[in-house]
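Hi there,

Here is the structure I promised to pass on to you. Have a look at it first, and then read my notes below.

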Amino acid sequence: MRDSVNLLPRLPSAGPDAPGENADSVVQLCAFFVGDDEYVLDIQRVEEVLPLQRVTPIPHAPSFVEGVLHLRGAILPVVDLRRRLQGHPSVESRKARLLVCKLGTRRVAVRVERVAEVMRLRKGDIKPAPALVVAGRSPFVVGVCGPPDRLRLLLDLKALLRAELEKDSAQPPR
């Protein structure tokens, strides 16, 4: 028996017997690099992939928030995933991209150092992250996939940014 990973943690899982919830169903993941590490996100979260855009810094924003950008009439926060995950800023590169992602009703642009591929694999091939890895108040690595020599970490972007999202929604409108 294989353990399955809920790719969209905000949606309740109906269990392995529900339609579309078995280990043989195929999912698509967007693979990308942050430093030398490779991560994946559920492709359903990713709206588009953009080259780097002009970002306007926001004073007193968390260190991993580069600022905001204007994208077709919408203002999106830009998060540097390398700074968020590894504590230091991304290096400048022609391969760097912004992943425009959906987080519930919000959208966020996530800076990655390069996009590797869109992969298709069976849900059963995604293993839950070990308990020691996800220990903490907000685990954001929810699974692991790929061959042994190239493991990729499945991120829960909402959990990764949860504290900032909660602060944002707790502030009264100005």
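Let me start with the cysteines. The sulfur of C101 lies 7.7 Å from the closest cysteine sulfur, that of C30, which is too far for a bond. A disulfide here is a pair of cysteine sulfur atoms within 2.5 Å, and the structure holds zero of them. C30 is likewise in no disulfide.

Both residues are worth a click. C101 is buried, with a relative accessible area of 0%, and C30 also counts as buried, at 2%. (Buried means under 20% relative accessible area, exposed over 50% and partly exposed in between, using a 1.4 Å probe and protein chains only.)

A quick note on the model: it is predicted, so local features need pLDDT of at least 70, side-chain atom pairs count only at pLDDT 80 or more, and totals for chains, interfaces and linings use all residues. Residues are numbered from 1 along each chain as its sequence is written, and side-chain values use heavy atoms, with hydrogens and water left out.

Now for the sheet. Strands are DSSP runs of E with at least two residues, numbered from the N terminus, and two strands pair if DSSP finds at least two bridges between them. Five strands form an open sheet with mixed pairing, in the order β3-β6-β7-β5-β4. At its edges stand β3 (46–51) and β4 (65–71); each has a single partner strand, so one side of each is left without a neighbour in the sheet.

Within the sheet, β6 (residues 97–103) and β7 (residues 106–112) run antiparallel and are joined by seven bridges. To see one of the pairs, find R97: its bridge partner in β7 is V112.

Enjoy exploring!

Methods
Helix = DSSP H or I, 4+ residues; strand = E, 2+ residues; numbered from the N terminus.
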